[in-house]
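Biologist: Hi, I have the sequence and the model open. Could you walk me through what stands out?

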Amino acid sequence: YFLSLELAERETLHGVFLEVLGIGVMLTGMVASGKSELALELLARGHRLIADDAPEFARIAPDIISGSCPPLLQDFIEVRGLGLLNVRSMFGDTAIKRSKYLRLIIHLAHLDDESLAKMDRLTGSYSTRNILGLEIPLVTLPVAPGRNMAILMETAVRNYILRQAGYDASEDFVTRQRIAIEQSAEAAEEKD
């Protein structure tokens, strides 16, 4: 394990790496999109910070990418207007996680009306991003005033967990609609 970690291919990415509901989640977005503020909200809700701004990722197995924090940045988060904050001092030791496997990327995006209209309302905005040769699931969350991004991020992680277990809400919904249409058609035939 030690040798595979030491010899692993590495990449540093821009974003915030967190443990949310036990899942390693990379939060990405443009500069000043609210990543650090969202991370603070999630920390206040009991989730854990791994790295702010420049998490390091290493592919330690064919299907595993492990993320950690560079030693100089350990425990710190930078928030515009507040400056550099020590998460361990503010929230306690349990608010920090040393490393975690990367399982999901959530991208915060300011979308215009045209882009929002193109987004599939039934299935959402799911894609993948290639990190060190491995395709990682990616969810794009539109950022807008008044949206509770912490709730949306937790929900995206919960939905990811359900999808990993084989459940897809959009498929369930489509199946229910199909059954309702078939039953309605059968009822109409019986009346004739």
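Modeller: Happy to. One term to begin with: buried means under 20% relative accessible area, exposed means over 50%, and partly exposed is in between (1.4 Å probe, protein chains only). By that rule, buried residues make up 39% of the 192 residues in the chain. This is a predicted model, where local features need pLDDT of at least 70 and side-chain atom pairs count only at pLDDT 80 or more, while totals for chains, interfaces and linings use all residues. Residues are numbered from 1 along each chain as its sequence is written, and side-chain values use heavy atoms, with hydrogens and water left out.

Biologist: Thanks! How many helices and strands are in the chain?

Modeller: The chain has six helices and eleven strands. Both are DSSP runs numbered from the N terminus: helices are H or I with at least four residues, strands are E with at least two. The C-alpha atoms fill a box of roughly 75 × 40 × 30 Å, taken along the principal axes.

Biologist: And what share of the contacts comes from residues 24 or more positions apart?

Modeller: Such residues account for 70% of the contacts with a separation of 6 or more. Contact here means heavy atoms within 4.5 Å.

Biologist: Let's talk helices. At what angle do α2 and α5 pack?

Modeller: Helix α2 (residues 35-44) and helix α5 (residues 149-164) pack at about 75°, and their axes are 9 Å apart. That makes α2 roughly perpendicular to α5. On the α2 side the contact is made by L38, E41 and L42, and on the α5 side by M149, A150, M153 and E154.

Biologist: How do you get the axes and the angle labels?

Modeller: Axes are lines fitted to C-alpha atoms, for helices over the stretch in contact, and angles run from 0 to 180 degrees between N-to-C directions. Under 35 degrees counts as roughly parallel, over 145 as roughly antiparallel, 65 to 115 as roughly perpendicular, and the rest as oblique.

Biologist: Is α2 mostly covered or mostly open?

Modeller: Mostly covered, as seven of its ten residues are buried. They are K35, S36, L38, A39, L40, L42 and L43. Just after α2, G46 takes a positive phi of about 100°.

Biologist: New topic: salt bridges. How many are there?

Modeller: The count comes to nine salt bridges, where a salt bridge is a side-chain nitrogen of Lys or Arg within 4 Å of a carboxyl oxygen of Asp or Glu. One of them joins E19 to R48, with the closest N and O atoms 2.7 Å apart. That pair links distant parts of the chain, with E19 in strand β2 (residues 15-20) and R48 in strand β4 (residues 48-53), 29 residues apart.

Biologist: What does R88 pair with?

Modeller: R88 forms a salt bridge with D75, and their closest N and O atoms are 3.0 Å apart. R88 lies in helix α3 (residues 87-91) and D75 in the loop between β6 and β7, 13 residues apart. D75 counts as buried at 14% relative accessibility, while R88 is partly exposed at 29%.

Biologist: Last one: which residues make the nonpolar surface patch?

Modeller: L122, F173 and V174 make that patch, which is about 270 Å². Patches are made of residues with over 30% relative accessible area and no salt bridge; like charges are joined within 9 Å, and nonpolar side chains (Val, Leu, Ile, Met, Phe, Trp, Tyr) within 5 Å. Accessible areas come from the Shrake-Rupley method with a 1.4 Å probe, and for residues, only the protein chains shown count as cover. F173 sits in helix α6 (residues 169-191) and counts as partly exposed at 43% relative accessibility.
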